[in-house]
Amino acid sequence: VIIFEMLFFYKNCANNNISKMMTIPRLLGDLSHALALVLLLAKIWKSKSAAGISGKSQILFCLVFVTRYLDLFTTYINLYVTVMKVFFILASAATVYLIFKRFKPTYDSHNDTFKMEFAIVPAIILALVWNYSFSFTEVLWAFSIFLEAVAILPQLFMVTKTKQAENITSHYLFALGSYRALYLINWILRYVNEDHWDPIAVTAGVVQTILYSDFFYLYFTYVLRGGSLLDGP
C-alpha cells in the first residue's frame with residue numbers, strides 16, 4: 001500500500017508545487033525508512049522476542065516522530081505525507097509497546113545501557129539555539145532532527161557491547177542508514193536544481209550517516225556475503 005501510494009503521488013505531483021520537494025532519492029529514502037520499521041516489527045513479532053533490539057533507541061525514534069509530526073492535526077499537505085506521518089508514529093509506538101510490554105521478558109535491558117539523556121539533552125540545547133523560528137512547533141521540529149541523528153546510538157552501542165546481531169537486525173540497520181544517505185542525495189539534488197539549502201537537516205543528516213559508516217562497511221563486507229556482523233573485526 002505504501003509503495004503504491006508513493007508511486008501514485010510521484011506520478012501526479014509534477015503538476016503542483018509539491019513536486020519541487022519530491023525527488024526519486026527522497027521517495028526511495030521514504031521507502032527504505034518504512035521498510036526498516038516493517039523489518040523490525042516483523043522480526044519481533046515472528047520471533048516473539050525483543051532480544052538484540054535496543055528499546056532505548058526505539059523510545060528515541062518514537063519521540064522523534066511524535067515531536068516532528070505534531071502538525072499532523074493542523075497542516076494537510078497531501079494524502080501521501082499524511083499516511084507516512086501516521087505510519088511512522090504508529091509503527092514506532094507499536095515497536096515500543098512490543099519491546100516493553102508484550103515481549104518484555106525477552107528484552108535485554110542489562111546490555112541496553114546507553115544513557116538516553118546523552119542524546120536528548122544536547123538535542124534540546126541545539127534546538128533552542130539553532131532553529132528557523134523560535135516557535136513551539138519549529139523548536140520541536142529542530143529537536144526531532146537533531147535527536148534523530150543520534151537516536152541509533154543505543155542500538156549501535158548494544159551491538160558493540162554484546163557482539164551479537166541477527167542478520168534481520170543488520171538488514172533493519174542498513175535500511176535505516178540507507179534512508180538518511182538517500183536523503184542526503186535528495187538535498188544535494190535540490191541544492192543543485194533549486195538552490196534550496198536546509199542547513200539543520202543537512203548537518204544532522206551528515207552526522208547520522210557518519211555514525212552508520214562503519215556499520216555499512218561491515219554490512220557489505222560480511223552480511224551480504226552470507227556471514228554476519230560477528231564475522232567482522
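1. Helices here are DSSP runs of H or I with at least four residues, numbered from the N terminus. This is a predicted model: local features need pLDDT of at least 70, side-chain atom pairs count only at pLDDT 80 or more, and totals for chains, interfaces and linings use all residues. Residues are numbered from 1 along each chain as its sequence is written, and side-chain values use heavy atoms, with hydrogens and water left out.

2. Helix α2 itself covers residues 24-47, 24 residues in total. From first C-alpha to last, α2 reaches 34 Å. That is close to the expected 34 Å (1.5 Å times one less than the number of residues).

3. The chain has nine helices and zero strands (strands are DSSP runs of E, at least two residues).

4. Of the 233 residues, 48% count as buried (under 20% relative accessible area, 1.4 Å probe, protein chains only). The accessible surface of the chain is about 12100 Å² (Shrake-Rupley method, 1.4 Å probe). Carbon and sulfur atoms hold 68% of that surface.

5. Take the contacts (heavy atoms within 4.5 Å) between residues at least 6 apart in sequence: 75% of them join residues at least 24 apart.

6. Mean pLDDT for the chain is 85 (the predictor's confidence in each residue, from 0 to 100). A value of 70 or more is reached by 81% of residues. Residues 1-5 stay under 50, with six contacts beyond four places in sequence. Residues 14-19 are also below 50, with five contacts beyond near neighbours in sequence. Where pLDDT is low, predicted coordinates should not be read in detail.

Terms used
Buried < 20%, exposed > 50% of the residue type's maximum accessible area, 1.4 Å probe, protein only.
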